[in-house]
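The structure is placed first, and the look-ups follow it.

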Amino acid sequence: MGGRRQGSWRKVPSPWRWLPAVALPVAVGWAWGSFAVPDDPSRSGESDSHTPGPVRLLLELTVLFGAVAALNFAGLRRAARRLLVIMVGYQVLAHDRIGWLLSH
């Protein structure tokens, strides 16, 4: 099972496999911190790039559910299902924030 999880890592030539392994998390972290809705009560309200609420919501959903997809593609199906349940539960509990984002 471990070989299946690492299969794509081993198939990509050595120096090139580090590019997505490092660049993708850095790019996602930068986007998460840079794109914010002005006066967001869950953040400082400051951002490098003022972003409409629906765009920020799309970014958040992409990052959070992208983690579920990454676990699934890595062959970690049980962890992906558990994280999916947690993410859906979080979205249900955060319905007021989702409404706020959609209205801004």
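I take helices (H or I, at least four residues) and strands (E, at least two) as DSSP runs, numbered from the N terminus. The model is a predicted one, in which local features need pLDDT of at least 70 and side-chain atom pairs count only at pLDDT 80 or more, while totals for chains, interfaces and linings use all residues. Residues are numbered from 1 along each chain as its sequence is written, and side-chain values use heavy atoms, with hydrogens and water left out.

Entry 1

I looked up the open space first. On a 1 Å grid over the protein atoms alone, a pocket is an open set of points with protein on both sides within 12 Å along at least five of seven lines, a cavity is a set where a 1.4 Å probe fits but cannot get out, and lining residues have an atom within 4 Å of a point. Grid points are joined across faces, edges and corners, and I quote as volume the space filled by probe spheres set on the points.

I sorted lining residues by class, with Ala, Val, Leu, Ile, Met, Phe, Trp, Tyr, Cys and Pro as nonpolar, Asp, Glu, Lys and Arg as charged, and the others, Gly among them, as polar.

Entry 1: H3 against H4.

I next looked up how the two helices pack. Axes are lines fitted to C-alpha atoms, for helices over the stretch in contact, and angles run from 0 to 180 degrees between N-to-C directions. H3 (residues 14–34) and H4 (residues 53–73) have axes 10 Å apart, at an angle of about 150°. H3 is therefore roughly antiparallel to H4. For this wording I count angles under 35 degrees as roughly parallel, over 145 as roughly antiparallel, 65 to 115 as roughly perpendicular and the rest as oblique.

With contact meaning heavy atoms within 4.5 Å, I noted Val28, Ala31 and Trp32 of H3 meeting Arg56, Leu59, Glu60 and Val63 of H4. These contact residues comprise five nonpolar, no polar and two charged.

Entry 2: H4 against H5.

I recorded the axes of H4 and H5 as coming within 7 Å and crossing at roughly 160°. The two helices are therefore roughly antiparallel to each other. Among the contact residues are Leu61, Leu64, Phe65 and Leu71 of H4, and Leu83, Leu84, Met87 and Gln91 of H5. By class, this contact has twelve nonpolar, two polar and one charged residues.

Entry 3: H4 against H6.

At what angle do the axes of H4 and H6 cross? I noted roughly 135°, with the axes coming within 6 Å. H4 and H6 are therefore oblique to each other. Gly53, Pro54, Arg56, Leu57 and Glu60 of H4 meet Arg97, Ile98, Leu101 and Leu102 of H6. I counted this contact as five nonpolar, one polar and three charged residues.

I then followed two residues of H6. Leaving out residues up to four places away in sequence, Ile98 touches Leu57 and Gln91. Trp100 is also in H6, with its C-alpha atom 9.9 Å from that of Leu57, 43 residues apart along the chain. With the exclusion of residues up to four places away in sequence, Trp100 touches Val37, Pro38, Asp39, Asp40 and Pro41.

Entry 4: the cavity.

I searched the whole structure and found one cavity of 30 Å³ or more. The volume of the largest cavity is about 30 Å³. Leu57, Glu60, Leu64, Tyr90, Gln91, Ala94, Arg97, Ile98 and Leu101 line it. H4, H5 (77–93) and H6 (95–103) are the elements that give two or more residues to this lining. I recorded six nonpolar, one polar and two charged residues in the cavity lining.
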